[in-house]
Amino acid sequence: MFYQHSHPLTQVNKSNYLISDEHFHNEIEIVFCINGNFTAVIDSQPLPVNPGQFSVSFPNQSHYYLTDKNVPIDVYVMIFSPKLLPEIEQKIFTSVPNKAVNDSKNIKECVTLFKEAVVYSGSNDEFEQIKLTAYCKLICAQLLSNLDYISIKKSDPNLLSSIIDYCNENYTNDIHLTDLEEELHINKYYISHVFKKKLKTGFNDYIHTLRIKSACNLLKESDDTVTQIASNVGYNTVRSFNRSFQKIMGITPSLYREKESKPSERSDRD
């Protein structure tokens, strides 16, 4: 699982691809199915989504999507900050939809609104941003107004992102829970609880995952030696780096580099 960094206030795209890696972020994410079908897995609950239906995940709900490569899909994906909806912002942070997948009441109107929103998404023009915000609010009025909501334990919506941000910025250092405790002024045992509850992993495992993910990129994109890469991503010894890499990736760093390098690159090395 990974933390997806903040998006612009609103982004809307039409796509035939959905993220298959489990992730979460501070925004609301709505995926509206036009053609094909997929499965939305939200807080570990798999939910089938068919044409005319939509999935919705609230801030810091873990989610990912499963698709069949033999079944093409067309979807609209809208990701936006709760600040877009000040009228229900408190509801957003104190509740979640009882059903994360629902039928749209007026499919034709929703598709029209999404089409218009896509036109203005990504524009830097301030007036087009106003139009984008207006269309997105209309979409939310259509899709979110008829949902049933269940209350959740109130918590600081920024806590999880603060923890993850600190880890992302410091994983190459010799980082411990006590460092987070001092930085965020939060008990380290509570931080550990947040990791296990929201990320379904431990603190140390998460740090190792960040390091190895970075190492994979360096092995593919740089000519640094394995020893240099091990040091760059936060390991004191090559032995500990190799052990962690093999545990997470299933192969050694050297074999990973050989496997992932392009044929032309392999011939050049030879």
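Reader: Which residue in β7 is the bridge partner of isoleucine 30?

Author: Strands of a sheet pair through backbone hydrogen bonds, either parallel or antiparallel. In this predicted model, the bridge partner of isoleucine 30 is valine 56 in β7, where helices (H or I, at least four residues) and strands (E, at least two) are DSSP runs, numbered from the N terminus. Four bridges join β4 to β7, and these two strands run antiparallel; two strands are taken to pair if DSSP finds at least two bridges between them. Phenylalanine 32 stands opposite phenylalanine 54 in β7.

Reader: Before going on, what conventions lie behind the numbering and the values?

Author: Residues are numbered from 1 along each chain as its sequence is written, and side-chain values use heavy atoms, with hydrogens and water left out. As the model is predicted, local features need pLDDT of at least 70 and side-chain atom pairs count only at pLDDT 80 or more, while totals for chains, interfaces and linings use all residues.

Reader: What is the order of the strands in the open sheet?

Author: The open sheet has five strands in the order β2-β9-β4-β7-β11, with antiparallel pairing. β2 (10-15) and β11 (101-103) stand at the edges with a single partner strand each, so one side of each has no neighbour in the sheet. From one strand to the next the twist averages 20°, with axes taken as lines fitted to C-alpha atoms, for helices over the stretch in contact, and angles running from 0 to 180 degrees between N-to-C directions.

Reader: How many bridges pair β4 with β9, and how many join β7 to β11?

Author: Strand β4 (residues 28-35) and strand β9 (residues 74-80) pair in the antiparallel sense over seven bridges; glutamate 29 stands opposite isoleucine 79 in β9, and asparagine 35 stands opposite aspartate 74 in β9. Three bridges join β7 to β11, which also run antiparallel, and here serine 55 stands opposite valine 101 in β11.

Reader: Are the faces of β7 covered or open?

Author: In a regular strand the side chains alternate between the two faces of the sheet. Both faces of β7 are covered, since Gln53, Ser55 and Ser57 on one side and Phe54 and Val56 on the other are all buried, where buried means under 20% relative accessible area, exposed over 50%, and partly exposed in between (1.4 Å probe, protein chains only). For β7, five of its five residues are buried, and for β4 six of its eight residues are buried.

Reader: Which residues does serine 57 touch?

Author: Serine 57, which lies in strand β7 (residues 53-57), is buried, with a relative accessible area of 1%. Leaving aside residues up to four places away in sequence, serine 57 touches Glu27, Ile28, Glu29, Ile42 and His63, a contact meaning heavy atoms within 4.5 Å.

Reader: At what angle do helix α4 and helix α7 pack?

Author: Two packed helices are described by the angle between their axes and the distance between the axes. Helix α4 (residues 159-170) and helix α7 (residues 203-221) pack at an angle of about 50°, with their axes 10 Å apart. That makes α4 oblique to α7, because angles under 35 degrees count as roughly parallel, over 145 as roughly antiparallel, 65 to 115 as roughly perpendicular and the rest as oblique. The contact is made by Ile164, Cys167 and Asn168 of α4 together with Phe203, Tyr206, Ile207 and Leu210 of α7.

Reader: Is histidine 185 buried or exposed?

Author: Histidine 185 is found in the loop between α5 (177-184) and α6 (188-199) and, at 69% relative accessibility, counts as exposed. Its backbone deserves a look as well, in that histidine 185 has a positive phi of about 60° although it is not a glycine.

Reader: Where is isoleucine 251 placed?

Author: Isoleucine 251 is in the loop between α9 (238-249) and α10 (253-260), and with a relative accessible area of 24% isoleucine 251 is partly exposed. Isoleucine 251 touches Phe245, Gln246, Tyr256 and Lys259, not counting residues up to four places away in sequence.

Reader: How many helices and strands does the protein chain have?

Author: The protein chain has 11 helices and 12 strands, and of its 270 residues 43% count as buried.
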